[in-house]
Amino acid sequence: MKKHIAIILSVLFLSITGCGQSGSLMPLEELPEDYSLEQAKKDGCITHEDGDIIQGMERFQQFYGATQSGKADKVRLAYYYSPDNPSGYAPEACEAEALKADDPSLYILDLSFDGEQYTIRWYSDGEEIIRNYSCLMKYEGPAESPDAAYQSYTRYVLTNDDAVTWQELAWGMVSSQLGDYIDYMSVCTDFVYE
């Protein structure tokens, strides 16, 4: 009976903390250099591969819902990018180690909300980077192009403008007009394929 109660309490604790997303994660600055995509998944990170979420959408939606209600919360995000097709590289650069060394592909970030602002932080070349935003926007819509591989998208984006549209953010990235760029950071993307 005690064993069943312990199991039930463990499952309840994990569901409350978001599959290990609470204080049980190792601090970012202590992550080993060989921290892998597999370890990120085991740790319960909200995981993206090549720009599309593969694990943790439910947890991210919980985070979004809580923060939209003004409740403090935090999650850990993992972004993995596959190396480009090696056929485009010189033969001597096609060694997997060489490509990996030149192109780090796993990025781990902590996203938190303190009840007033969102803070996202990560390390790059041993230096801590912290950015603050006032809004977490949710954008949904059909693929922007008929040639897109996906049918539709849901994007969660940090910004400081609660009225900005996805189209305005996208335009700001490609426009050559000074002042069109709007500071934002995409933190979760779910592409829907047919």
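Author: Glu 49 has a relative accessible area of 26%, so Glu 49 is partly exposed. The scale runs like this: buried is under 20% relative accessible area, exposed is over 50%, and partly exposed is in between, with a 1.4 Å probe and protein chains only. This is a predicted model, where local features need pLDDT of at least 70, side-chain atom pairs count only at pLDDT 80 or more, and totals for chains, interfaces and linings use all residues. Residues are numbered from 1 along each chain as its sequence is written, and side-chain values use heavy atoms, with hydrogens and water left out.

Reader: Which residue forms a salt bridge with Glu 49?

Author: In general, side chains of opposite charge can pair when their charged atoms come close. A salt bridge is a side-chain nitrogen of Lys or Arg within 4 Å of a carboxyl oxygen of Asp or Glu. Here the closest N and O atoms are 3.7 Å apart, and the partner of Glu 49 is Lys 41.

Reader: Is Lys 41 buried or partly exposed?

Author: The relative accessibility of Lys 41 is 30%, so Lys 41 counts as partly exposed.
By the salt-bridge rule, the count comes to seven.

Reader: Which residue meets Arg 59 in a salt bridge?

Author: Arg 59 is buried, because its relative accessible area is 10%. Its salt bridge has an N to O distance of 2.9 Å, and the partner is Asp 73. The pair links distant parts of the chain, 14 residues apart: Arg 59 is in helix α3, and Asp 73 is in strand β3 (residues 73-80). Helices (H or I, at least four residues) and strands (E, at least two) are DSSP runs, numbered from the N terminus.

Reader: How many residues apart in sequence are the parts that Glu 29 and Arg 121 tie together?

Author: Glu 29 and Arg 121 form a salt bridge, with their closest N and O atoms 3.4 Å apart. Glu 29 lies in the loop between α1 (2-17) and α2 (37-42) and Arg 121 in strand β5 (residues 118-124), so the parts they tie together are apart in sequence by 92 residues.

Reader: Which residues does Thr 67 touch?

Author: Thr 67 is found in helix α3 (residues 57-68). At 4% relative accessibility, Thr 67 counts as buried. Contact means heavy atoms within 4.5 Å. Not counting residues up to four places away in sequence, Thr 67 touches Asp 73, Phe 113, Tyr 118 and Leu 136.

Reader: Which side chain makes a polar contact with the side chain of Tyr 150?

Author: Tyr 150 sits in the loop between β7 (135-142) and β8 (152-159). With a relative accessible area of 15%, Tyr 150 is buried. A polar contact is a pair of N or O atoms within 3.5 Å; within protein, one must be able to donate a hydrogen and the other to accept it, and residues adjacent in sequence count only if both atoms are side-chain atoms. At 2.5 Å, the side chain is that of Glu 144.

Reader: What separates the C-alpha atoms of Tyr 150 and Phe 191?

Author: Leaving aside neighbours within four places in sequence, the contacts of Tyr 150 include Phe 191. These two residues are 41 residues apart along the chain, yet their C-alpha atoms are separated by 6.0 Å.

Reader: How many helices and strands does the protein chain have?

Author: Of its 194 residues, 34% count as buried. The secondary structure comes to five helices and nine strands.
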